[in-house]
Amino acid sequence: MMTQLATPTLESLPGKKRPRRGGSPAETAKKHLASPWASLSAVVLAVLWTLPTFGLLVTSFRPEADIKGSGWWTVFTNPSFSLDNYKTVLGSETQDGLTKYFINSLAITIPAVIAPVLVASLAAYAFAWMNFRGKNALFVAVFALQVVPIQVTLIPLLTLWVDLGINRTFWPIWLAHTMFALPLAVFLLHNFMREIPGELIEAARVDGAGHVTIFFKLMLPMLKPALAAFGIYQFLWVWNDLLVGLTFGGQPNVNPLTVALFNLTGTRGTAWHLLSAGAFVSIIVPVVVFIALQRYFVRGLLAGSVKG
């Protein structure tokens, strides 16, 4: 009698594993993202997101009579463009010229970004790689400060600035933005630094490097994505801020661009041609900054998200 030999299966072979049905979760997600419906949804969302900005851009170039008489979409059937709105808004010789406020916004934003990034990086390094008494309690206290809204501190801070004699200068605005940016900056940079292998720090210490050398020559080059990500976030926040500038400014040589647009809205509520041009001027710099540093922003957001 002939004995029937069993046909070897994939499970019976040594070192072979049965393939998973449907693939890994990453492959499944990749297939969903590559589907035509996902691409169509992304295109629709992008169009809906940019449509108001496009309408604002078109309105800013239309004459005043056309803006008050019809919607911006009528430009496709009756095109009419003019640069008079921008000449009026940016003209420094006029009372409502935004040129000086544009410079004020730059003077406010640049120091208000550099200061918290520098201080927070030093503090994050201390919390991550230095041992001192009360470190954990102090870090929890710094983290808890994120829940304190800036609105509840406006009156006490304004009283303090008046007592110190620095009110209606750039200093109150710089200090306010720096103080309220530090908790989040310290938390984010600390988490990023903790992802750096400790062997690198130990090797630097064996070579005789101190904390100053380790921070400036080892940490800062690796912190570039995280610093750029937070710098972009802080830049957009400070540039678009109205509350701090309106509270601690108070005069034309200190007020940022957002305060000037707010005053323009209050005094010329029907001057849509000037408001649209001024609003588009205010978003040019944030858009340019974000587009120029977008790759650093994405790298900073993804840094430390995947181990291995």
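The accessible surface of this protein comes to about 19,500 Å², and 68% of that belongs to carbon and sulfur atoms. Accessible areas here come from the Shrake-Rupley method with a 1.4 Å probe, and for residues only the protein chains shown count as cover. This is a predicted model, in which local features need pLDDT of at least 70 and side-chain atom pairs count only at pLDDT 80 or more, while totals for chains, interfaces and linings use all residues. Residues are numbered from 1 along each chain as its sequence is written, and side-chain values use heavy atoms, with hydrogens and water left out.

The protein has 15 helices and zero strands. Both are DSSP runs numbered from the N terminus: helices are H or I with at least four residues, strands are E with at least two. Of the 308 residues, 33% count as buried. Buried means under 20% relative accessible area, exposed means over 50%, and partly exposed is in between, with a 1.4 Å probe and protein chains only. Take the contacts with a separation of 6 or more: residues 24 or more positions apart account for 69% of them. Contact means heavy atoms within 4.5 Å.

Now the inside. Which residues touch the most other members of the largest nonpolar core? They are Y125, W129, V186, L189, M193, M219 and L223, out of 25 residues in that core. Two or more residues each come from α5 (99-129), α6 (135-144), α8 (170-194), α9 (198-206), α10 (211-222) and α11 (224-239). The largest share, seven residues, is from α5. Apart from this core lies another, of 19 residues, including W239, L261, L275 and V281. By nonpolar core I mean a set of buried Ala, Val, Leu, Ile, Met, Phe, Trp, Tyr and Cys residues joined through side-chain atoms within 4.5 Å. As background, nonpolar side chains in soluble globular proteins tend to be buried together.

Some individual positions next. Leaving aside neighbours within four places in sequence, Y125 is in contact with M130, M193, H211, I214, F215 and M219. V117 is in helix α5 and is buried at 15% relative accessibility. Not counting residues up to four places away, V117 touches L189, L227, F230 and G231. V117 and A228 are 111 residues apart in sequence, yet their C-alpha atoms are 9.3 Å apart in space. S105 is also placed in α5, and with a relative accessible area of 2% it is buried. Beyond four places in sequence, S105 contacts W239, P256 and L257.

On to charges. How many salt bridges does a search of the whole structure find? It finds one. The side chains of E202 and R205 form a salt bridge, at 3.5 Å from N to O. The definition is a side-chain nitrogen of Lys or Arg within 4 Å of a carboxyl oxygen of Asp or Glu. E202 and R205 are both in helix α9, three residues apart, which is about one turn of the helix. E202 is partly exposed at 44% relative accessible area, and R205 is partly exposed at 34%.

The surface also carries a nonpolar patch. L145, V147, V148, V152, W171, L175, M179 and F180 form it, with about 740 Å² of accessible area together. Patches are made of residues with over 30% relative accessible area and no salt bridge; like charges are joined within 9 Å, and nonpolar side chains (Val, Leu, Ile, Met, Phe, Trp, Tyr) within 5 Å. One of its members, L175, sits in helix α8 and is partly exposed at 32%.

Last, the loops. R168 is in the loop between α7 (154-164) and α8, and is partly exposed at 45% relative accessible area. What is the phi of R168? The value is positive, about 60°, although R168 is not a glycine. Most residues other than glycine have a negative phi.

The loop between α3 (64-69) and α4 (84-90) holds S82. The S82 side chain makes a polar contact with the side chain of D84 at 3.1 Å. A polar contact is a pair of N or O atoms within 3.5 Å; within protein, one must be able to donate a hydrogen and the other to accept it, and residues adjacent in sequence count only if both atoms are side-chain atoms. Leaving aside neighbours within four places, S82 is in contact with S60, F61 and P63. P79 lies in the loop between α3 and α4 as well, and is exposed at 54% relative accessible area. P79 and D66 are 13 residues apart in sequence and 9.9 Å apart in space, C-alpha to C-alpha.
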